[in-house]
Each structure stands twice: as C-alpha cells, then as structure tokens.
Amino acid sequence: MRATLMFAPGDVRVGEVPDPTIVEPTDAVIRVTRACICGSDLWPYKSIEPNPAGRPMGHEAIGVVEEIGGEVRSLRRGDLCVMPFAYSDGTCEFCQEGLHTSCLHGGFFGNADPGGAQAEALRVPQADGTLVPLPVGEDDALMPGLLTLSDVMGTGHHAAVTAQVAPGKIAAVVGDGAVGLCAVIAARRLGAEQIIILGRHEDRIALAKEFGATDVVSERGDEAVERVLELTGGHGAHSVLECVGLDQSMDTSLRIARPGGAVGRVGVPQHEVLPAAQDSFFGNVTIAGGPAPVRAYVEELLPDVLEGRIDPGRVFDRTTGLEGVPDGYRAMDERESIKVLIQP
C-alpha cells in the first residue's frame with residue numbers, strides 16, 4: 001500500500017510499504033478514508049534526525065474497519081470510525097479517569113509501530129477502546145468536522161477545559177493555527193464572555209472571528225501583553241489557551257493570565273524550561289494541559305458536529321490525495337494553508 005514517510009527535514013515522500021495486518025487479537029485494520037496533516041507534524045518536518053527507512057507519518061483519521069482481531073467485541077467489519085491520535089484500551093485506571101493519553105496499554109500513531117495514518121490503511125491497536133463508530137456514510141458532507149474529533153477539535157477543547165473556561169469568563173487563545181481556531185470554538189461553546197485571539201494571519205483571524213473571537217491581538221512579546229491587559233481592564237484573562245508550544249508563546253500566556261487564572265497548554269513544548277516562572281508563581285496561576293485525551297471528549301463533541309452547532313471542519317482549507325501530501329507539508333510550513341485534508 002501507499003503511505004507517507006519522512007526521511008529528513010523537509011524530505012517527505014509517499015512510497016510503498018507492507019499492508020497492515022492483525023498482530024494482536026485486540027487489533028483492527030482500517031481502510032483510511034480521510035486523514036490530514038497536523039501542525040505538530042511540522043516540528044519533525046523542520047528538525048527530524050535523518051532516517052533512511054523513513055518515519056511513518058500521520059495520527060488523525062477516519063476509516064472503515066476491514067479486519068478485526070479475535071478479541072474485538074464492539075466493532076464490525078464495515079463500521080466507519082473516527083480514530084483518536086492515541087490508542088487506548090478504555091479500561092485501565094487512567095482511561096477510567098479520562099486520561100486516555102496515559103493508558104497503560106496505549107501509545108501514539110505516527111511511528112514505526114503501529115504506523116501512520118497518512119496512508120491507505122492502518123493497524124489500530126486496542127481497537128475497542130480507540131475507535132468510535134460514526135452514524136454517517138463515508139462521503140457525508142460532515143467528514144471534515146468529524147475528522148477534527150481525531151485531534152484538533154478535541155485538543156482545542158482540552159485547552160479550554162484545563163484553562164477552566166466557564167460562562168462569563170475572559171478567555172485568551174494564543175496561536176491562530178488549526179488548534180487555536182478550534183480552541184476559539186471550544187471557549188465559545190463553554191460560555192466565555194470575551195475571547196481574545198492572539199495571531200497575525202488575516203485569513204485565520206477572519207475565521208477566528210466567525211468562530212466567536214471578540215478581540216484580536218496581532219502584537220507579540222511585551223506589546224501583546226500590554227494589549228491584552230488593556231482589553232481586560234488591566235487584570236488579564238481568566239483562562240489562557242496556549243496552542244503553539246514555543247518559549248515566546250508560553251511566556252506570553254503566563255504573563256496575560258490574571259491572578260488566580262489558569263493556562264491550558266496543548267502546544268507540544270519546544271522548550272525545556274518553563275518561561276515566566278516567577279510571574280506565574282506569584283500570580284497563583286494554574287498551569288495545566290498536555291496531550292489531549294481526545295477519546296474522552298468524542299461522545300461530548302460528536303452531537304454538536306452532527307447537529308451543526310459547531311463547524312470545526314472549516315479549519316481545512318486544502319484537500320489532496322496522497323500524492324499531494326509532500327506539497328501539503330510545504331504549504332502548511334510556509335503558512336499557505338491552515339490545515340490539509342487527505343483523501344487517500
């Protein structure tokens with residue numbers, strides 16, 4: 001089958017790899033009908049160590065179940081399912097606490113084992129706990145929105161939850177990528193009264209406003225902090241949703257949180273030391289977040305997508321087949337595209 005492999009920084013190719021098969025009795029194999037490129041895929045695109053074998057890429061998918069292992073009970077061949085970016089058994093103590101990304105028998109897609117979702121097919125470990133059947137056909141118009149439940153919408157929601165967004169609060173979203181845009185949706189959905197988006201790309205800002213952003217801050221660094229304080233009566237935001245992962249974005253996030261506020265960080269950290277440590281300490285700012293346990297959120301968010309209350313699929317602004325995936329990486333890296341949808 002064809003699959004996307006990354007060999008070195010900037011070197012993404014689509015090549016032939018062995019077809020996936022059932023390895024464990026708890027596995028399923030899906031035929032991928034939709035996948036996409038994630039903003040987090042751009043970190044290895046810039047800095048991956050050269051790998052002659054190539055690293056399988058992709059961790060977001062919708063697919064049709066083609067094969068199931070002997071211990072799979074909740075799925076049938078032919079089921080159309082959304083696949084969260086992490087696989088999990090759904091039964092261990094961490095899954096029971098809603099923290100599926102820490103599953104004792106789990107792991108992440110987009111690695112040598114079990115493989116990547118930017119492909120024609122994929123083996124899904126712990127299929128019962130991971131895959132969520134969808135009540136629509138594989139060509140339904142809602143596919144883009146449903147695909148976001150595999151990662152970016154669930155991740156934006158996790159940022160809002162961990163930042164303690166609630167009715168009447170002021171929320172600030174740092175980052176205008178697909179996750180940041182979904183975080184705006186999440187903040188509005190949870191009742192934030194004021195939503196400030198920190199970003200500077202006109203197309204993304206326009207979409208953020210349509211999603212519910214009330215204010216825009218295009219400055220960076222000290223100027224961004226000053227502007228947010230102006231917009232919040234000098235106090236800062238109750239809830240800050242950090243959706244980038246860089247030193248500067250985290251520093252800004254912690255400095256714009258009001259005393260007693262919370263920062264929900266979901267941008268994969270590209271730093272080892274937490275910025276603004278003293279500011280956040282003396283402000284009693286809660287710092288939470290991490291890789292979103294999106295499997296815990298699917299049942300909550302799915303009805304809103306199906307019934308049209310939210311439309312996170314609008315973050316996709318380019319669609320390609322597998323052959324166009326390498327150019328999709330380039331386009332996202334050069335900010336020509338917010339998020340690329342793949343139809344293998």
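## A charge over a ring

Arg13 sits over the face of Phe7, 3.9 Å from the centre of the ring. This position, like every other one described here, comes from a predicted model.

## Aromatic pairs

The count of aromatic pairs comes to four. One of them joins Tyr87 and Phe109: the ring centres are 5.5 Å apart and the planes meet at 65°, so the pair is edge-to-face, the class for planes over 60 degrees apart. Tyr87 belongs to strand β7 (residues 86–87), while Phe109 belongs to the loop between β8 and β9, so the pair ties together parts that are 22 residues apart in sequence. Both Tyr87 and Phe109 are buried.

Phe281 and Phe282 also form an edge-to-face pair, with 5.0 Å from centre to centre and 90° between the planes. Here Phe281 and Phe282 are both exposed.

## The surroundings of Phe109

The loop that holds Phe109 runs between β8 (107–108) and β9 (121–124). Phe109 has a relative accessible area of 4%, so it counts as buried, the cut-off being under 20%. The C-alpha atom of Phe109 is 5.9 Å from that of Phe85, although 24 residues separate Phe109 and Phe85 along the chain.

## The second largest pocket

The second largest pocket holds about 270 Å³ of space. Its lining is made up of 21 residues, and the closest to the centre are Met1, Val17, Pro18, Pro114 and Gly115. By residue type, the lining of the second largest pocket has 14 nonpolar, five polar and two charged residues.

Note on methods. Residues are numbered from 1 along each chain as its sequence is written. This is a predicted model: local features need pLDDT of at least 70, side-chain atom pairs count only at pLDDT 80 or more; totals for chains, interfaces and linings use all residues. Side-chain values use heavy atoms; hydrogens and water are left out. Helices (H or I, at least four residues) and strands (E, at least two) are DSSP runs, numbered from the N terminus. Buried means under 20% relative accessible area, exposed over 50%, partly exposed in between (1.4 Å probe, protein chains only). On a 1 Å grid over the protein atoms alone, a cavity is a set of points where a 1.4 Å probe fits but cannot get out, and a pocket is an open set with protein on both sides within 12 Å along at least five of seven lines; lining residues have an atom within 4 Å of a point. Grid points are joined across faces, edges and corners, and a volume is the space filled by probe spheres set on the points. Ala, Val, Leu, Ile, Met, Phe, Trp, Tyr, Cys and Pro count as nonpolar, Asp, Glu, Lys and Arg as charged, and the others, Gly among them, as polar. Rings of Phe, Tyr and Trp (its six-membered ring) pair if their centres lie within 6.5 Å; planes under 30 degrees apart count as stacked, over 60 as edge-to-face and the rest as tilted. A charge sits over a ring if NZ of Lys or CZ of Arg is within 6 Å of the ring centre and within 35 degrees of the ring normal.
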